[in-house]
Amino acid sequence: MEQKRPLIIAGPCSAESEEQVLATAKALASTGKVDILRAGVWKPRTKPNTFEGVGVEALPWLEKARKETGLPLAIEVANTKHVESAMQYDIDIFWIGARTTTNPFSTQEVAEALRGTDKMVYVKNPTSGDVELWCGAVERLLACGVKNIGLIHRGFAGYGTRDLRNAPMWHLALEMRRRMPELPIICDPSHICGNRTYIRDISQQAADLNYDGFMIESHINPDVALSDAKQQLTPQDLSLLLDNIKWREGESDSLSYQTTLMSLRDQIDSLDGEILQLLAERMSVAENIGRIKRENNVRILQSLRWESIAERTLARSASLGLSIDFLQTLLDAIHVESINHQNKVMKE
Ligand code: PEP
Ligand code: MN
């Protein structure tokens, strides 16, 4: 079976100077592993008075880098002016940044500016975990006749992450893939991680989830980068990282693999069945509790009782080998469903 060939987009967070763009582009091209050169021309920064990109001045530097390396160019566009300037330099690929995807006015404006283009347009996930917004941005592009669309998963802000800048929330990206299976999805481990330490692990996880490629930030001298210094890799380190990623096969013909897999899947199916059966039984007990509460004129929600269930369950996290986050989500879902069942009998 042929080894999967993922798409690699790499380049600096920001184009800072002609020398930096050319040196980075040449070093990336010489690895032979990079397909597309990225660079931020206009930078959407969280805080004012930080480096906001050099703007149109960077476009001739990128054009020169393309000429000297043969690498097609990808930049972020966030408004009509950006698109018009980029089109003047025949930029090959665009991406819509996370902050732009968050705003329907902005995505609509960019979609209209890109109307009818054949160029590839990638849509980064919005900063919040709202899959509808991500879908919405894609739908706006489609409605404007943009045919070549891809997704970039760059993680989600503010979900209680400690080590990572943006929580990956893989399930949201997988949900996007389920809804739009025809779109390629690439992972941006740089913005998920926010620092160099975890880029390898996150990239491997994306490879194991069968992503179509990566966008990774790379700077000729990361420590002096004007934006996202901590998360950028030298072209050499990027090359090493790419060498070490295992792109596993989607399938195997081995008989022992197939039989073992089948038996493990049988176990999963039967455990899932038992879990559902137990949950249904739990809900019917909750209904009985609802009935006796109704008969005795007691209200449904009894916070102390629920707090003690939650405390007892979370305390078992380590011994069960289940994360606190997972147990919390599971308990919340069970609690809401139980209350709904009790509500139903209260109304009988
Ligand atoms: C970027 O790619 O440099 C960038 C600003 O990313 P995001 O929109 O994901 O924050
Ligand atoms: Mn960046």
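These are my notebook entries on a predicted model of one protein chain and a ligand.

**Conventions.** I number residues from 1 along each chain as its sequence is written, and chains are lettered from A and ligands numbered from 1 in the order in which they are written. Local features need pLDDT of at least 70, side-chain atom pairs count only at pLDDT 80 or more, totals for chains, interfaces and linings use all residues, and side-chain values use heavy atoms, with hydrogens and water left out.

**Entry 1: the whole chain.** I looked up the secondary structure and found 14 helices and eight strands. Both are DSSP runs numbered from the N terminus: helices are H or I with at least four residues, strands are E with at least two. The C-alpha atoms fill a box of roughly 80 × 50 × 40 Å along the principal axes. Of the 348 residues, 43% are buried (under 20% relative accessible area; exposed is over 50%, partly exposed in between; 1.4 Å probe, protein chains only). The accessible surface is about 18400 Å², and 53% of it belongs to carbon and sulfur atoms. Such areas come from the Shrake-Rupley method with a 1.4 Å probe; for residues, only the protein chains shown count as cover. I also looked up contacts (heavy atoms within 4.5 Å). Among those with a separation of 6 or more, 73% join residues 24 or more positions apart.

**Entry 2: A25.** I found A25 in helix α1, residues 18–31. A25 counts as buried because its relative accessibility is 0%. Leaving aside neighbours within four places in sequence, A25 is in contact with L37, A65, T69 and L71. I also checked I289, 264 residues away along the chain; its C-alpha atom is 67 Å from that of A25.

**Entry 3: V56.** I found V56 in the loop between β2 (36–38) and α2 (58–69). Apart from neighbours within four places in sequence, V56 is in contact with V41, W42 and S85.

**Entry 4: H153.** I placed H153 in strand β6. H153 has 0% relative accessibility, so I noted it as buried. Its side chain makes a polar contact of 2.9 Å with the side chain of Y211. A polar contact is a pair of N or O atoms within 3.5 Å; within protein, one must be able to donate a hydrogen and the other to accept it, and residues adjacent in sequence count only if both atoms are side-chain atoms. Not counting residues up to four places away in sequence, H153 touches several others, including W134, I186 and D188.

**Entry 5: R154.** I found R154 in the loop between β6 (149–153) and α7 (170–179). R154 is buried yet has no salt bridge (a side-chain nitrogen of Lys or Arg within 4 Å of a carboxyl oxygen of Asp or Glu). The nearest side chain of opposite charge is D188, 5.7 Å away; Lys and Arg count as positive, Asp and Glu as negative, and His and the chain ends are not counted. Beyond four places in sequence, the contacts of R154 include A98, R99, D188 and H191.

**Entry 6: ligand 1.** Which residues surround ligand 1? I listed C13, R38, K43, E76, W95, G97, A98, R99, K124, R154, H191 and E217, each with a heavy atom within 4 Å. A polar side-chain atom of R154 lies 2.6 Å from an oxygen atom of the ligand. For R99 the corresponding distance is 2.9 Å, and for E217 it is 3.1 Å. The protein covers 97% of the 300 Å² of accessible area that ligand 1 has on its own.
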